Amino acid sequence: SARRSVRAMDAVERAVQKVRQYRDTSLRGVTQDTAARQRREEVESALVQLEDFATHHGVMPDLIATLSDIAAETDTDVRLATRIIRCLIPRNTVPSRAVVTLLGGFGGMTVPLRALVLKWLVIVYDLIDDLRPLHALYGLLLHYIDYETLRPFLCNLLYRLTRREDAKPFRVRRLYQLYLRVGSEPWLLALLMVYRGYRRDITVLKHRK
């Protein structure tokens, strides 16, 4: 019912506040073990509430943006950021500003956390409300293409984002050199074939063992 939905949203908003307070207080250091333990218990309860709500109801765009802000902050604990990102189950659309926020925080993330963000982007790609801001970060995505664990997700995103103007000679050279180095990864080959569709001068694409 509408009343239950309102109560659930109120509970989620309180849970998000608890998560943010925990992050802020953890940055200032812990002076008492009891207080620290209480904060951990409170944030664990808040995260469980948030996870349950996200799983059963999905998360509205404004809340996705708020949670992305917390997850992308460089001082956020990796375990906390990981659980927050896993809560980003969209009810309808994904705001592009949340996408920009998460990718903007890439420099301060661990590789596994980056992989989780990219995997999430692949899953929600068709729900992003405006792809132009993501396309504006094309160069940033390509920057991380040498990371083996990130490459399948990056190639997927770049495959879908690539336009004629993106198929520039220096990018072609970089991708082809990577192809020669790592071999015939299907995701990398697929991306190169997209480039080839825009640049007919790419002629040497053979499967390598």
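**Entry 1: helix α11**

I started with helix α11, residues 186–198, which has 13 residues and reaches 19 Å from its first C-alpha to its last. That is close to the 18 Å expected at 1.5 Å a residue, where the expected span is 1.5 Å times one less than the number of residues. I am reading a predicted model, in which local features need pLDDT of at least 70 and side-chain atom pairs count only at pLDDT 80 or more, while totals for chains, interfaces and linings use all residues. Residues are numbered from 1 along each chain as its sequence is written, and side-chain values use heavy atoms, with hydrogens and water left out.

Which residues of α11 are buried? I noted L188, L189, L191, L192, V194 and Y195. Buried means under 20% relative accessible area, exposed means over 50%, and partly exposed is in between (1.4 Å probe, protein chains only). A handy reminder for me: an α-helix has 3.6 residues a turn, so residues three or four places apart point the same way. The cover over the buried residues of α11 includes α8, α9 and α10 (169–182).

**Entry 2: the whole protein**

Next I looked up the elements and found 11 helices and zero strands. Both kinds are DSSP runs numbered from the N terminus: helices are H or I with at least four residues, strands are E with at least two. Of the 209 residues, 43% count as buried. I also checked contacts (heavy atoms within 4.5 Å). Among those between residues at least 6 apart in sequence, 74% join residues at least 24 apart.

**Entry 3: aromatic rings**

How many aromatic pairs are there? The count comes to three. Rings of Phe, Tyr and Trp (its six-membered ring) pair if their centres lie within 6.5 Å; planes under 30 degrees apart count as stacked, over 60 as edge-to-face and the rest as tilted.

Is Y147 buried or partly exposed? At 35% relative accessibility, Y147 counts as partly exposed, while Y144 has 9% and is buried. Ring pairs link F106, Y144 and Y147 into a cluster.
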